[in-house]
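Grab your viewer and work through these exercises with the coordinates open. Try each task before you read its solution.

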Amino acid sequence: MKGFATLLVFSVAAGAVGYDYVVIGGGVAGSVVATRLAATHSVLLLNIAGPPPPRYNGPVMTSDELIVKSNLSATPGMLTRIHQPGYNPVPQFSTSDTGSSPARYLGGSSIVGLSLFLYDMDKDWAPGWDWNIMQNYMLRSDIQPTHHPAYLHPLTKDFLNAVPEAKPTPLSQRPDGTKISAYAAYIVNKNPQRLTILENVRADRLIIEGGMCRGVYVRDLAKGGHRTIMAKNEVIVSAGYLFTPRLLFLSGIGDAKDLANADIEVVQDLPLVGKNLTAPRFTPISWHTKTPTLSQMMGSPVSKAEHRVVPEAFQSSVAEATVPLSKGSIAQFMPLYYSPSSAPLQYSLQGEPWPLETNAFTVLVTMTTEAKGEIKFDRDPNVSPTITHAPLTASDKRRGDKAIHAAEELGSRLPSEGRVKHTQDWSAVYDGRGTCRMGSDPRT
């Protein structure tokens, strides 16, 4: 499932005062681990904000577009500044209303993502951890996908008929088309009595004494000032691929040279904290069509007023069908024009001002790459991190060209009014990983 946050566990000395466990970050991973631990232990869950507002518990088409329109704001130190080849920088994709991935509210990226389940059955995660093992653990999740979405656009149905190897994209969706978030499935559904949630706090530094993490130093975003929170057993950091390494860095855990340049005392020299950022890249291929797409079904102000509103279309998952292309690459059919100019915005629609103008369908190609990225941090927790994605390697470009050619053949099986002309750049998608790997691998 997409969106699982980076999670680290730090042992602490027995006898420390406070809760048995302190969990930093209430996204997907944090929601799961906090509720499971709270079945038998006292747990304090720290998060930048509280429960998501009711308007975010809506269909993908409305909630994600609302996210895009209300996201450009600032919680100090929590803006995500993204730079990548071929796209304009995103100067402020932040967390005042929802946030970059991970999201601001409890439930994290399960609130803002498309809630798609994209399984890589050929992947070996580690020795002894192939698909046959991993699926047993995935089946234990309280969020399970439906393989029968509440809505499929007529163009998607045509695509499924024309491309037999394509399947409806599995997704975590209720019958009415709304998304099932980690907050709803775990925190609300389980409601563990030993779980305490402290919102409006930002973790600024881990308290490490004698080589052990004993607690965390947090800023109170509502009242101002800082406070110290201690744990008896463990501090669990599940702040995602951006803010987990940032917290480690602010705590003196990272590249010794980078820490010295930031005038931060070195607690542990781990050179690849913030490095090795792995994020799939995508590029859209689109065709004009006479058939009304989602862009014409939303009603005013999203669609032009002369177009008929189709209420059931609000249940669309946007990326409605998925087909494997080759190892490490897939294509997804989207019954709308998708061509963001300031990657990775936008979430659900096409990067045009409202009302939307272009009526087209898209085959979105996504692939893994050799190219990595990195995150840079400042010693001041009020200064936001900066992501830089590296250009594609020569091997990536060759694989990408083959994937694009295969996707063009699939999309051309549907009747159209010709290709939409736009540059073929590769953008990184939201779900990152690898920035604070654990274990004995040289990349940790």
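This is a predicted model: local features need pLDDT of at least 70, side-chain atom pairs count only at pLDDT 80 or more; totals for chains, interfaces and linings use all residues.

Residues are numbered from 1 along each chain as its sequence is written, and side-chain values use heavy atoms, leaving out hydrogens and water.

**Exercise 1.** Find which residues touch the most other members of the largest nonpolar core.

*Solution.* Start with the term: such a core joins buried Ala, Val, Leu, Ile, Met, Phe, Trp, Tyr and Cys residues through side-chain atoms within 4.5 Å. Next, helix 7 (a DSSP run of H or I, at least four residues) supplies the largest share, six residues. Finally, a separate core of 23 residues includes Val363 and Met367.

**Exercise 2.** Work out how Arg246 in helix 7 is placed.

*Solution.* First, Arg246 is buried (under 20% relative accessible area, 1.4 Å probe, protein chains only). Then look for a salt bridge (Lys or Arg side-chain nitrogen within 4 Å of an Asp or Glu carboxyl oxygen): Arg246 has none, with Asp204, the nearest side chain of opposite charge, 5.6 Å away.

**Exercise 3.** Decide whether Thr289 is buried or exposed.

*Solution.* Thr289 counts as buried because its relative accessibility is 10%. Its side chain also reaches the backbone nitrogen of Thr291 at 3.1 Å.

Terms used: Buried means under 20% relative accessible area, exposed over 50%, partly exposed in between (1.4 Å probe, protein chains only). Helices (H or I, at least four residues) and strands (E, at least two) are DSSP runs, numbered from the N terminus. A polar contact is a pair of N or O atoms within 3.5 Å; within protein, one must be able to donate a hydrogen and the other to accept it, and residues adjacent in sequence count only if both atoms are side-chain atoms. Lys and Arg count as positive and Asp and Glu as negative; His and the chain ends are not counted.
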